[in-house]
Amino acid sequence: LQVHREAFGDFMRFADLFRAIKNRWDQYEWPDYEDPEVKRGGVDPRIAECLRKVMLRRLRKDHLAELPEKVRQHVPVEIAPAVRRLCDEALASLAARGISLADAVAAAELGKFGGHEFHELSRAREQLARALIPAALEMVEPYEDAGEPVVGWSDHVAPVEAFRGRRGWAVIAGGMSASEKTAVEDAFQRGELVGVACSIKAAGTAITLTRAANEIFVDRSYVPGENDQAEDRCC
């Protein structure tokens with residue numbers, strides 16, 4: 001319907017209003033809007049004016065007052081020295097090429113980062129995700145004991161597969177058909193499962209898991225939007 005053009009005119013104006021900047025790969029990078037420095041700058045009032053042309057804005061909190069605010073908790077986990085060494089080596093390899101971790105993540109988010117450096121970083125992330133599996137399994141035990149439904153998430157295969165065959169659990173992973181995913185979704189919503197372990201890419205959209213109010217992210221995708229979508233499966 002081209003409502004984005006009616007609202008903002010063109011992409012350059014949109015990027016300007018939302019304070020995007022070009023990075024070293026000549027791609028637009030968006031600020032962290034939760035950052036205190038960014039918040040201090042406030043939201044450009046022209047954004048609301050643009051959106052009012054095309055949008056009737058309804059906030060979830062205005063219509064579901066009983067829905068509590070999200071609470072996020074970061075849980076520190078000890079990892080083996082070998083895995084820590086692998087992560088340090090990946091960062092050192094990036095630094096030797098003049099690439100910071102923030103630059104690497106931004107490039108990966110845009111699909112613009114490849115080669116040896118990205119392979120090393122990906123390998124370190126995959127091993128780090130594996131190293132967190134015991135902690136994830138331990139974290140779900142109180143939910144299981146209490147019969148409290150919970151959803152687990154990972155951007156990697158191993159943490160999801162660690163729950164396959166666990167009593168009261170099912171998984172939604174890559175390679176499953178839509179009907180297979182729906183069968184797990186329905187079983188969870190009916191109360192037949194205590195937990196579902198999900199791939200962020202395979203289950204991050206078009207899945208309803210609102211029976212759960214608790215989620216555990218073993219690791220997260222490079223793409224913030226994918227994490228937000230996955231998180232909202234329970235909302």
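Predicted model: local features only at pLDDT ≥ 70, side-chain atom pairs only at ≥ 80, totals over all residues.
Begin by selecting strands β4, β5, β3 and β6. These four strands form an open sheet, and they lie in the order β4-β5-β3-β6 with parallel pairing. In general, the strands of a sheet pair through backbone hydrogen bonds, in either a parallel or an antiparallel way. Which strands stand at the edges? They are β4 and β6 (215-217); each has a single partner strand, so one side of each is left without a neighbour in the sheet. From one strand to the next, the twist averages 20°.

Next, select residues 169-172, which make up β4. W169 and V171 point one way from this strand, whereas A170 and I172 point the other way. Are these residues buried or exposed? All of them are buried. To see one pairing, display V171 together with A197, its bridge partner in β5.

**Helix α11.** Select residues 178-189, the helix α11, which makes a right-handed β-α-β unit with β4 and β5.

**Helix α13.** Then select residues 224-231. This helix, α13, lies across β3 and β6 and runs at about 155° to β6. Display N227, A230 and E231, which are buried. Seen down the axis of α13, the buried residues fall within an arc of 100°, so they line one face of the helix. What covers the buried residues of α13? The covering elements include β3, α12 (200-203) and β6.

**The cysteines.** Finally, turn to the cysteines. How many disulfides does a search of the whole structure find? The search finds zero. C198 is one example of a cysteine in no disulfide: the nearest cysteine sulfur, that of C234, is 8.2 Å away, whereas a disulfide would need the two sulfur atoms within 2.5 Å. C198 is buried, with a relative accessible area of 0%. C50 is also buried, and its relative accessible area is 2%.

Methods:
Residues numbered from 1 in each chain as written. Heavy atoms only, no water. Buried < 20%, exposed > 50% of the residue type's maximum accessible area, 1.4 Å probe, protein only. Helix = DSSP H or I, 4+ residues; strand = E, 2+ residues; numbered from the N terminus. Pairing = 2+ DSSP bridges. Right-handed = clockwise from strand over helix to strand, strands pointing away. Axes fitted to C-alpha atoms, helices over the stretch in contact; angles between N-to-C directions. Contact = heavy atoms within 4.5 Å. Arc of directions from axis to C-beta.
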